[in-house]
Amino acid sequence: MNPLNLLYGAGGAWLAAALAGLLAGTRRPGLLTCCAISALGGAVALAGGCWSLIYGNTPVVTPGGAAQTITGGPLQLQATSLAGVFVAVLGLVAVAIAWYAPRYHQPGRGTAVYLAAYNLALLACLAVLAAGGMVTFLVAWESMTLACYLLILRHPRSGDSARGAFWFLALSEIGFLLVVAAFVILSAKTHATVLDTMATRAHLVNGGWLAATFLLALAGFGFKAGLVPLHVWLPEAHPVAPADGSAFLSGMVVKLGAYGIALFAFRLDPVGGAWPGLVTMGAGAVTAAIGILYAMRERDIKRFLAYSTIENTGIIVTAFGAAMLFHAYRLPALYAFLLIAGLYHVANHGCYKTLLFLEAGVTEHAAGTRDMDRLGGLVHRLPRSAVITFVGTLGIAALPPLNGFVSEWLIFQGLFQGFRTGSHLIAILIVLAAATLGLTGGLAIYAFVRGFGVPYLGMPRTRPAADAREKGQPLGGPALLAVACVALAVGAPVVLAALSRAARTVTGVALGPLLLPGNLTVIPAHAGFSAFSPTYLAVFLVAACAVPALIYLAGRPRAASVSVPVWDGGMVSFRPRMQYSAMTFSAPTRVTFDALYRPAVSVTRASDDDPAGRSGPVHYEAQVTPVFERYLYRPVIRAVEWLAGAIRPLQSGDVNLYLLYVFAVILLAYLVGAL
Amino acid sequence: MITGQDEAEAARQLREKIAAQFGRSLHIRTLDTGSCAVCEQEIRLLSAPHYDLHRLGFFFTPAPRHADLLLVTGPMVRAFEVAARKAYEAMPGPKMVVATGACALGGVYRPDPFVHGQVGAVLPVDVWIPGCPPSPLALLHGLSVAVGRLAEKTPGLTLIADGQSPGDGT
Amino acid sequence: MPLWFARGLRRGVVTTRYPARPDASAASLPTPPSFRPEKLTRDLVDLMIAVCPGPALRRADDALIFDVGTCTACGRCARAAPYAATPSGEFELAATNRAALVKTIPILGEQR
């Protein structure tokens, strides 16, 4: 069966869900109906994505004949294998969010509009992934941006909300301009608008144009994906959206940026030479490191997760860049291997980041705050939520045996084989990228120990945190994603088999035997380099924990045990403020990396010259300098404002001057036409 | 349950048990409940080369979790009661408490709003070591009694002198 | 360093063998007194109670109640009544029972 039919079904379901949400979202039954249809669409999309991974690329379809889209070009759809991963993640995320939304949102007019926008965004994402032609892609991309803008602007009256949504829209539009430029150049040079045709004719295009196109595409999609320094909208937009909106943005929309980069890098734009791969890999590595470093300084859980998304985007783009490098050096096995590893990380990140954002929403609802320094001890008050969040945290910190570990292992193994390129310089640069990813991985563990430990462990730091209750919290969606995380890890051989089928359509390399030699083991594209079995690792770790536990339970002494408090030095009252705060826990990174943060610290006392020596309350403030806003964006904005101010005299309001303009332009057109 | 055996036999068995448990290795946690610190100085001398309690298998440890015996000085000021109870409860069983110094034994300070007067008011004391301060030898003796290495002499002691007294003619 | 080592070797082992063998310095320890009941009279006992800086001594009719637990071995009662109270030389006074440290000494001397 053609997977495109499944995608039609999913798209139709989401359109129906959008209508249902808009018309009936003001009541609870309407809300439930909308979410149910959306979940159905998600399930169909998940099936369609998985099926298209195995099926391969479908032919381009122009439904409705030469039916015109809004801009007058035909609607061209194609279900590709490369997009299959992204469609599957989209479906899974949609199911989880649809399960989560009914208990999270209150029915009302705002919710109705929000749900309609959300389902339209799902539809637009699907259209981007299923686009077979340039115009379809661009129209779908812009629709997705607009729908996500409405998503972020759930609470339009709030200043933060408006600011975050504005940053998102502004930078998305700049990125869109660059993407349009890239597509238009490529389309003009290949005289085609269907992506497949562009791909087959691309090698005929002049190398310089191909290079320019690639750079435009990297920058344009980099805005959406969150590459540094194009990432500044992410930490502004994600926290202000509702939790499931942030989950959708981080889990899916950011992935579309990565999809765009993959589209140009692997299908459409065969740029020669090693430099495109180097640039991409370098951008990815820098993004990953800077992302996690900024994450360490965040107290707001959602901003923290937003920076972590930037870090993971960096990892994915590094994998893609390294794949391009190996392709340039004619190592097809490693080329396909790193592409597979990058796609695997896309799937994994979609799972656990969505989970973490949904759980952040649960925490916000239960404890009333997103600030880590106001939380604490939630593991006792929200036990099931804590377990689910812990699974997600293990995944994103890339700890065995979960899925993050598998995909990062694959990426590292691919990077470690850089010596096979034969060029010393390239090998060193690849190892540098691997080292940067290693730093990122270590900091990620540190960051997520803080991200899980400070809110969930210890004692509650405020009354609302102590009063948090789990009753009525939406845990079904996150639980589904936790199961998916475990399944992606334990079922790694299956996932890798499917991904290698997808990679074959793009790279032409059938990596099966070089990746999965049997017995549930994975080898990194070359036998004899290393080997690893995620399934056996998971089983072994569970057994290693279970066997001592069983021995203990069986041989427990019969005497009753006494439970006494932890020895705290005999203090009479242990106050929650004696615990680590989120900022003190990450203080070592502030000290080590203060060249990046440039913290501005101010300490003021109420009075410095009190005769009794008391100084009153001390006010301490530490701010991370927003390096990119201040040194990159503000100058650009000021330049644009200056330019606008310089042009302003043209709009004098004088009708005579305007007539003069018209006359001058006609004269110019006549002269140019005559020549 | 020890039934049908006389007390001396039970005491002997208990001593043997204690000796078996602690006789070769005892970890001591000191606790100062408000003393003048002279008892602490004598306790510190135990680690010095002349008295060297390590040769007897006694060790000092700061963590109650690792301690077998709580060596308490001071008259148990009320402000310290919670900490003393916490330290005692933090010790895993089997555990013992030894009170040492005249203040800890009671009588020196009357119970009042600030002080209990004796350690036995808060903790269950197993061995009392008198002295002000107790000399390190007395402490070693008391600790050896606590682990069952030595028998206590006090019940048989009358403190009634017999024999010659200095310059006594009558 | 070698000088220190040589000096140490000459001095020999300074660690006491207590409790396996008696300690040489035990003889010079201040110890609680022991009493001679036939030398005790009521007035003498009252005098000793007056000079005792602590609550160690009490008189209950014809008995001297001596709480060894609170005795600081200051020796004032022995200096006040040298025939009635002498240092006992006992320092191994650990007791498992607090009451065992309270000794009753009968007052057998005549009132003069």
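1. Two residues are in contact if their C-beta atoms, placed from the backbone, lie within 7 Å. By this criterion no contact joins chain A and chain C, whose closest C-alpha atoms lie 26 Å apart.

2. The model is predicted: local features need pLDDT of at least 70 and side-chain atom pairs count only at pLDDT 80 or more, while totals for chains, interfaces and linings use all residues. Residues are numbered from 1 along each chain as its sequence is written, with chains lettered from A and ligands numbered from 1 in the order in which they are written.

3. Two pairs of chains touch, and the pair B and C has the most contacts. Chain B supplies 38 residues to this contact and chain C supplies 37 residues. On the chain B side, the elements giving two or more residues are helix H4 (102–105), strand E5 (127–129) and helix H5 (136–146). H5(B) gives the most, with seven residues.

4. The side of chain B that touches chain C holds 21 nonpolar, eleven polar and six charged residues. Here Ala, Val, Leu, Ile, Met, Phe, Trp, Tyr, Cys and Pro count as nonpolar, Asp, Glu, Lys and Arg as charged, and the others, Gly among them, as polar.

5. Chain B has five helices and five strands, in the order α-β-α-β-β-α-β-α-β-α along the sequence. Helices (H or I, at least four residues) and strands (E, at least two) are DSSP runs, numbered from the N terminus.

6. The C-alpha atoms of chain B fill a box of roughly 60 × 45 × 40 Å along the principal axes. Of the contacts in chain B with a separation of 6 or more, 79% are between residues 24 or more positions apart.
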